[in-house]
Amino acid sequence: MGLHKICKHKGRARDRCKHAWWGSFRGRRVSLSKWTNREIKSKAEADKALDELTAAIRDGTFDERGIDPPADNSPMTFGKFAEVYKQRHVLAKGLALSTTVDYRLKPLIERFGERPIAEIKTLTSTTSSRT
Ligand SMILES: [Zn+2]
């Protein structure tokens with residue numbers, strides 16, 4: 001775990017030079033400014049970015065594409081929503097539902113898994129406005 005630079009500078013000169021800071025933890029290594037998508041101008045900023053990196057790796061949310069992976073911009077589909085719902089609400093709270101949740105969600109995911117949530121909401125509201 002630590003901060004490094006891939007350049008020839010040493011010591012204090014290295015802390016201040018313009019080369020990119022890299023952070024590594026548990027065998028993962030990323031360019032911190034690329035990963036956080038912001039400018040890292042000082043060692044303090046590099047330290048902060050490294051904290052975010054180690055936290056992400058510890059939490060299992062690490063994505064080498066960055067702190068805000070581009071995948072998050074894709075539409076939330078029913079399948080993804082169901083997975084998040086299951087992790088956050090059902091399993092996290094240890095609800096009785098947890099034993100049957102996969103069984104219950106399976107047919108819904110098979111049918112709607114790839115549908116963006118926004119589209120499903122639209123369909124539901126059109127249906128209910130008719131009644
Ligand atoms: Zn340097």
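User: What share of the contacts in the chain between residues at least 6 apart in sequence join residues at least 24 apart?
Analyst: This is a predicted model, in which local features need pLDDT of at least 70 and side-chain atom pairs count only at pLDDT 80 or more, while totals for chains, interfaces and linings use all residues. Residues are numbered from 1 along each chain as its sequence is written. Two residues are in contact if their C-beta atoms, placed from the backbone, lie within 7 Å. Among contacts between residues at least 6 apart in sequence, the share joining residues at least 24 apart is 47%.

User: In what order do the elements of the chain run from the N terminus on?
Analyst: Helices (H or I, at least four residues) and strands (E, at least two) are DSSP runs, numbered from the N terminus. The chain has six helices and three strands. From the N terminus on, their order is β-α-β-β-α-α-α-α-α.

User: What percentage of the residues in the chain is buried?
Analyst: A residue is buried if 20 or more other C-beta atoms lie within 10 Å of its own, exposed if 12 or fewer, and partly exposed in between, with C-beta atoms placed from the backbone. The chain has 131 residues, and the buried part of them is 11%.

User: How many bridges join strand β2 to strand β3?
Analyst: Two strands pair if DSSP finds at least two bridges between them. Strands β2 (residues 21–25) and β3 (residues 28–31) run antiparallel, and Gly23 stands opposite Val30 in β3. The number of bridges joining β2 to β3 is four.

User: Which residue takes a positive phi in the hairpin of β2 and β3?
Analyst: The hairpin has two residues between its strands.

User: Which residues does Arg28 touch, not counting residues up to four places away in sequence?
Analyst: Arg28 is in strand β3 and counts as partly exposed, with 15 C-beta neighbours inside 10 Å. Its C-alpha atom is separated by 9.4 Å from that of Leu53, 25 residues apart along the chain. Beyond four places in sequence, Arg28 touches Ile57, Phe62 and Glu64.

User: Where does Asn37 lie?
Analyst: Phi of Asn37 is near 60 degrees, a positive value in a residue other than glycine. With 9 C-beta neighbours inside 10 Å, Asn37 counts as exposed. Asn37 lies in the loop between α2 and α3.

User: How far apart are the end C-alpha atoms of helix α3?
Analyst: The expected span of a helix is 1.5 Å times one less than its number of residues. Helix α3 (residues 43–59) has 17 residues and should therefore span 24 Å. The end C-alpha atoms of α3 agree with this, being apart by 24 Å.

User: Within what arc do the buried residues of α3 fall, seen down its axis?
Analyst: The buried residues of α3 are Ala46, Ala49, Leu50 and Leu53. They line one face of the helix because of the arc they fall within, taken from the directions from the helix axis to the C-beta atoms. An α-helix has 3.6 residues a turn, so residues three or four places apart point the same way. The buried residues of α3 fall within an arc of 105 degrees.

User: Which exposed residues are on the face of α3 turned away from its buried side?
Analyst: The buried residues of α3 have cover that includes β1 (2–5), β2, β3 and α2 (32–36). The face turned away from the buried side carries Ala44, Asp51, Ala55, Arg58 and Asp59.

User: At which residue does α4 bend?
Analyst: Helix α4 (residues 78–93) has 16 residues and reaches 21 Å from its first C-alpha to its last, close to the 22 Å expected. The bend at a residue is the angle between axes fitted to the seven residues ending there and the seven starting there. In α4 the bend is about 35 degrees, and its place is Lys86.
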